[in-house]
Amino acid sequence: MENGPEIASNHGLWSNLVRAWFGLTRRKIRLLRAGKIAAEGPALFAVGHPAGFLQALVLSIAMERPVHCLLPSNLVRGALSRFLARHMGIILSEDDASASEASQREALEVLASGEALVVFADQTAGEQSAPGTLATTAASLIELAEAQIASGPITIYPAHLFLPDSTPQSREILIYIDPAIARPAGQASTAGAETRDLITALEARFQENAFQLRSADLEYFLSDLEEVLRTGLQEDWASRPDWKQDTDGFVLSRSAVEWVKQTNYLRPSQLVALRQSLDEYRSLQQQCALRELEVEGGDSPLGSGWRRVLLTFETLFGLPIAIYGLLNHWAIAVVLFLAGSFKHNSSRARTTELMIRTGVILAFYILQIFLVAHTWGRAAAGYYAPSLPVSGWYVWRYAGLVRPQARLLFISLTIPGLKRKIQRLRQTLLNELDLTLASIGEKTGTAR
């Protein structure tokens, strides 16, 4: 496989302007090809992706040879977009019969003049095309064009496009060009059975999209999708009074599975985005489960609800007392640290160590009480003296007991917010999926 430049070097002012716009938006276009692309002669690039104006612009500036894209006119809205499309060599196909014939003649003239034409898969956004119809336009154009070209068959390159829906998902747009479809050298027409064979060959190439999820990943995606939909139904039904139906027999409908499989090779970027959302949903679920296990597990020091209330009270209202004790004992801690009293491998005897600590503490207590008496009087010193050992003991308790429990308490306070985030993400997924699956259900009359 050969990798082309990030953005090809087609000629023309408008191509350069479009290329500059992609550069300003920091979106890279990479052309990947499995073989050589003929620099001359009539060629048709059959893109296994639904048509779109942005997709046409990408292909127009990325191909190694000038191309004309055939695009439905309803996808190009606004006078400015139509002006740009005309100068980029995009052929707009109108719904009107006479206008449609004119655009078809223009496309045939491109092939007859030995140039390259880009044709997208025959599928409009949000609709599901039946097998055997995705390459109809491409095959019919080849049939008509080869009837006018005496030099031989048109070179057909299946192409795959990976265009992420948003830049946070990925800033890189990928185009993969398959090897040309092998056809008999003497074939001058694709009428009848030859046309059907060409449609079959093109659709087989479409289904081998280089950017699609692999079979194992696709099955994993379907199981995750089913679980999300099942969880959404469970929450919805649980909120209804006296609702006894469960989701044990819930499975995705055949039409939904077929939509996922077709989207996998027609719009792989859409399925990749859904896969990433499902992975994020899974990750948040795991985080929530681990936090709940840590907080509510058998070894958790939080215990029952009333103990959690007492711990919350002590954590909040005991903090000022702990700070007061720390202010009174920080100098003592510094002296004992410098004296090596906190070393675990100290060579001093335990009795000696205890005498050093007691002496340092008493010395600082006497000094602090003297300073308070000198500054605020004996009455203040009388109140201050008993607070020293009490606050010192409480600093020890707060650090040794409350701190590890307060961590679990903080984790327990984050669980409701994490659950709300999971619910919002699941609802976003459900809303996005419902829009598509509902349209499929209307057409097929099946449930998800």
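Is Glu-292 buried, partly exposed or exposed, and what is its relative accessible area? Glu-292 is partly exposed, with a relative accessible area of 24%. The structure is a predicted model, and its chain comprises 13 helices and eight strands. Nine salt bridges are found in a search of the whole structure.

**Overall chain**

- The chain has 448 residues, of which 42% count as buried.
- Among contacts in the chain with a separation of 6 or more, 74% are between residues 24 or more positions apart.

- Glu-292 and Lys-419 meet through their side chains in a salt bridge, with an N to O distance of 2.7 Å.
- Glu-292 belongs to helix 9 and Lys-419 to helix 13 (residues 378–444), so this pair ties together parts that are 127 residues apart in sequence.
- Lys-419 has a relative accessibility of 40% and therefore counts as partly exposed, since that class lies between the limits of 20% and 50%.
- Glu-292, at 24%, is likewise partly exposed.

- Asp-224 forms a salt bridge with Arg-282, and the closest N and O atoms are 2.7 Å apart.
- Asp-224 is in helix 7 (residues 215–238) and Arg-282 is in helix 9, so the pair links parts that are 58 residues apart in sequence.
- Asp-224 counts as buried because its relative accessibility is 2%, whereas Arg-282 is partly exposed with a relative accessible area of 28%.
- Asp-224 and Arg-282 also take part in a network of salt bridges that includes Glu-227, Arg-275 and Asp-279.
- Arg-230 forms a salt bridge with Glu-226, in which the closest N and O atoms are 3.0 Å apart.
- Both Arg-230 and Glu-226 lie in helix 7, where they are four residues apart, about one turn of the helix.
- An α-helix has 3.6 residues a turn, so residues three or four places apart point the same way.
- Arg-230 is partly exposed, with a relative accessible area of 22%.

**A buried arginine without a salt bridge**

- Arg-205 is located in helix 6 (residues 193–206).
- Arg-205 is buried but has no salt bridge; Asp-178, the nearest side chain of opposite charge, is 4.0 Å away.
- Beyond its neighbours within four places in sequence, Arg-205 is in contact with Pro-158, His-160, Asp-178, Pro-179, Ala-180 and Ile-181.

**Packing of helix 8 against helix 9**

- Helix 8 (residues 254–266) packs with helix 9 (residues 268–296) at an angle of about 115°, and their axes are 5 Å apart.
- Helix 8 contributes Trp-259, Val-260, Thr-263, Asn-264, Tyr-265 and Leu-266 to the contact, while helix 9 contributes Pro-268, Gln-270, Leu-271 and Leu-274.
- Seven of the residues in this contact are nonpolar, three are polar and none is charged.

- The buried residues of helix 2 are Phe-53, Gln-55, Ala-56, Leu-57, Val-58, Leu-59, Ser-60, Ile-61 and Ala-62.

Technical notes: Residues numbered from 1 in each chain as written. Predicted model: local features only at pLDDT ≥ 70, side-chain atom pairs only at ≥ 80, totals over all residues. Heavy atoms only, no water. Helix = DSSP H or I, 4+ residues; strand = E, 2+ residues; numbered from the N terminus. Buried < 20%, exposed > 50% of the residue type's maximum accessible area, 1.4 Å probe, protein only. Lys, Arg positive; Asp, Glu negative; His and termini not counted. Contact = heavy atoms within 4.5 Å. Axes fitted to C-alpha atoms, helices over the stretch in contact; angles between N-to-C directions. Nonpolar A, V, L, I, M, F, W, Y, C, P; charged D, E, K, R; others polar.
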